[in-house]
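Thanks for coming. I will keep this short; please look at the model while I talk.

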Amino acid sequence: MRVPELRVPLPSAAAITTLGDARAAIDDLDAALATLLEHRAAVAAAVQRLKPVGGFAGRDPGRERRIVEAMAARAPSLGPDRLARIMNAVIEAGLDAAEPRRPS
């Protein structure tokens, strides 16, 4: 199975000299982030199908802590506390998206 590849230019914040350029760079990054988040949610939904206990009850705090630690090593300026808040929101949104929808 061929997995699509996402390539995103990472602009140097120091090289951005206008508000318009800064906003355009943020828009490009946000578009890539949205794609990544959607794919992460889809993979997380597969995890929910494979786990013996899924959803919010099946959360693994140790794994979540390791994810944040690994991310903090790659993004030290954000730090583990900020990344923990971000990843908690990402994980909760992914779990919510994986929940079967009941008809209204």
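I will go through the pockets and then the salt bridges.

First, the ground rules. This is a predicted model, in which local features need pLDDT of at least 70 and side-chain atom pairs count only at pLDDT 80 or more, while totals for chains, interfaces and linings use all residues. Residues are numbered from 1 along each chain as its sequence is written, and side-chain values use heavy atoms, with hydrogens and water left out.

Now the pockets. A pocket here is an open set of points on a 1 Å grid over the protein atoms alone, where a 1.4 Å probe fits, with protein on both sides within 12 Å along at least five of seven lines; lining residues have an atom within 4 Å of a point. Volume is the space filled by probe spheres set on the points, which are joined across faces, edges and corners.

The largest pocket has a volume of about 850 Å³. It is lined by 18 residues, and L33, L36, M71, R74 and M87 are the closest to its centre. Two or more lining residues come from each of α1 (19-50), α2 (61-74) and α3 (79-98); helices are DSSP runs of H or I, at least four residues long, numbered from the N terminus. The largest share, six residues, belongs to α1. By class, this lining has 16 nonpolar, no polar and two charged residues, where Ala, Val, Leu, Ile, Met, Phe, Trp, Tyr, Cys and Pro are nonpolar, Asp, Glu, Lys and Arg are charged, and the others, Gly among them, are polar.

The second largest pocket holds about 350 Å³. Of its 15 lining residues, R40, A44, V47, R63 and I67 are the closest to the centre. Again α1, α2 and α3 each give two or more residues, and α1 gives the most, with five. What is the class make-up of this lining? Six nonpolar, three polar and six charged residues.

On to salt bridges, meaning a side-chain nitrogen of Lys or Arg within 4 Å of a carboxyl oxygen of Asp or Glu. The whole structure has three.

R7 pairs with E5, with the closest N and O atoms 2.5 Å apart. Both residues are exposed, that is, over 50% relative accessible area with a 1.4 Å probe and protein chains only; buried is under 20%, and partly exposed lies in between.

E64 forms a salt bridge with R59 at 2.8 Å between the closest N and O atoms. R59 counts as partly exposed because its relative accessibility is 21%.

E92 also meets R59 in a salt bridge, at 3.3 Å, N to O. That pair links distant parts of the chain, with E92 in helix α3 and R59 in the loop between α1 and α2, 33 residues apart. Shared partners join R59, E64 and E92 into one network.
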